[in-house]
Amino acid sequence: MAASAQWAFDRDVPIIRYEIDWSARINRPLYESPPKSPVATTLAKVKNEGGEAAVQQLTPPDAVETGLRSFPTLAAFYSVPRPIAIESFLQKNQQLVGLLFSAFPKIRANWGTEIKPELNIVDDPDGGFPILMVRLTSNMPDAYEALDRFDEEWWLDHIKDAEGLLNFSLHSR
Amino acid sequence: MVEKTKAKISVAGFQYDGFFGDPILNNQRLVPLLQPLYEALKTWDIRPANVKYKNPVAANDASVSFEIASGRLVLSISHTGFTLVVVNADWSQAELVTQLLEACWKASEGALGIKASRHELQIGMTVIPEGKSQQDITRTFAGPWELRPTDELQMCGVILYTANGSLVVDRAAANPQAIFAKIVHRFDGQTAFPEMLKQLYDDELWLGNVLKLEFE
């Protein structure tokens, strides 16, 4: 049985109840910190119905974000070889973030679930300014037909929203 | 027009709860939902290791959780419905959230023949105003209290309950200089996800207008 500690709230009783089960920890150091799960801490914060301040104490200080909030989530979907440069670019061009989230399932639908699209910054050959390039590498025999489908089904409807700062390139393995 | 104070949202979480109506207490009835849901979530890179089986105690505890994007989005199934928790949430993920939840309910309808009876969406966020204190921002809320000369106001938190949800403004415990805000909005089962998220976005704008804050 794992040790557990939780704040319990009852909306009708103005008392905060704290429960802890030490039994599983009897042979382990008591100062051992529980794992810090960002999901658990945020969930605790969001789920509470009363005593907001007390519940917020559960959020560790290192949960405070300083950069683009959704970048870690985006980086879980895309391969990001130069994360600092990409995050900085996206921070300046935040309209691209929603587009990248939107594009990801379309990419997987067209090139299969094994594809890992990669984000890079390149100089636009026409404009001479930096743009974000989504590099797609696939060995599918109909990879270029898939690119046509992707263009027709999604990209051409969203190209305006990218304001010339996003493009997709397909490469064979 | 009143000038707004710029405010940075340092931490934000989103939670969705969707309810089946009557709980499905028979475990075996819930099982057929798992495979179609897993298939649907493959689009968002779900792997077997991201599927976690739980030991629920209550019917509304998670039975199975699907951890997406290294656990930054967690979709859980319980005997009473679905829960989606998003950490580091922002509005750029609105379409992602919509697609995930639509996939959930499509799988539920296909595998169980059950549609949502109601939905509840909530945002919790820590807001850091630039150049204004909590006292300045929340002073107007304290008006009805008729503070005495010896009562030095530091911050006035409020909880507002409406017919379809609630709104909390409080001092953020993690950062005493910041404001914690939580918005809860409930919808009936027929409301479409883009409409619900739009309403929640409008709630956030409303909160910003009341506090005279411009969220960055």
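Which loop of chain B holds N88(B)? Let me start there. N88(B) sits in the loop that runs between strand 5 and helix 3 (94–112) of chain B. A word of caution before going on: this is a predicted model.

Now the backbone. N88(B) has a phi near 55°, which is positive, and the residue is not glycine. Is N88(B) buried or exposed? Buried, because its relative accessibility is 11% and the cut-off for buried is under 20%.

Strand 5 of chain B covers residues 81–87. Six of its seven residues are buried, so the rest of the structure largely encloses the strand.

Which strands pair with strand 5 of chain B? Take strand 1 of chain B, residues 5–19. Strand 1 and strand 5 run antiparallel, and seven bridges join them. One pair to look up on screen: G13(B) is opposite V87(B) of strand 5.

Then strand 4 of chain B, residues 73–78. Strand 4 also pairs with strand 5 in the antiparallel sense, here over five bridges. Within this pairing, L75(B) has L84(B) as its bridge partner. Strands 4 and 5 of chain B make a hairpin, with two residues between them.

Over to chain A, for another positive phi. E163(A) has a phi near 50°, again in a residue other than glycine. Where is E163(A)? In the loop between helix 6 and strand 5 (166–172) of chain A. E163(A) counts as exposed, because its relative accessibility is 55% and the cut-off for exposed is over 50%.

Now helix 6 of chain A itself, residues 143–158. E145(A) lies in this helix. At the surface, E145(A) gathers with D142(A), D148(A), E152(A) and E153(A) in a patch of negative charge. How accessible is E145(A)? Its relative accessibility is 44%, so E145(A) counts as partly exposed.

Last stop, a surface patch of another kind, on chain B. L160(B), W206(B) and V210(B) form a nonpolar patch. Together they have about 260 Å² of accessible area. V210(B) belongs to helix 5 of chain B, residues 193–211. With 37% relative accessibility, V210(B) counts as partly exposed.

Methods
Residues are numbered from 1 along each chain as its sequence is written. Chains are lettered from A and ligands numbered from 1 in the order in which they are written. This is a predicted model: local features need pLDDT of at least 70, side-chain atom pairs count only at pLDDT 80 or more; totals for chains, interfaces and linings use all residues. Side-chain values use heavy atoms; hydrogens and water are left out. Patches are made of residues with over 30% relative accessible area and no salt bridge: like charges are joined within 9 Å, nonpolar side chains (Val, Leu, Ile, Met, Phe, Trp, Tyr) within 5 Å. Accessible areas come from the Shrake-Rupley method with a 1.4 Å probe; for residues, only the protein chains shown count as cover. A salt bridge is a side-chain nitrogen of Lys or Arg within 4 Å of a carboxyl oxygen of Asp or Glu. Lys and Arg count as positive and Asp and Glu as negative; His and the chain ends are not counted. The place of a charge is taken as NZ of Lys, CZ of Arg, CG of Asp or CD of Glu. Helices (H or I, at least four residues) and strands (E, at least two) are DSSP runs, numbered from the N terminus. Buried means under 20% relative accessible area, exposed over 50%, partly exposed in between (1.4 Å probe, protein chains only). Two strands pair if DSSP finds at least two bridges between them.
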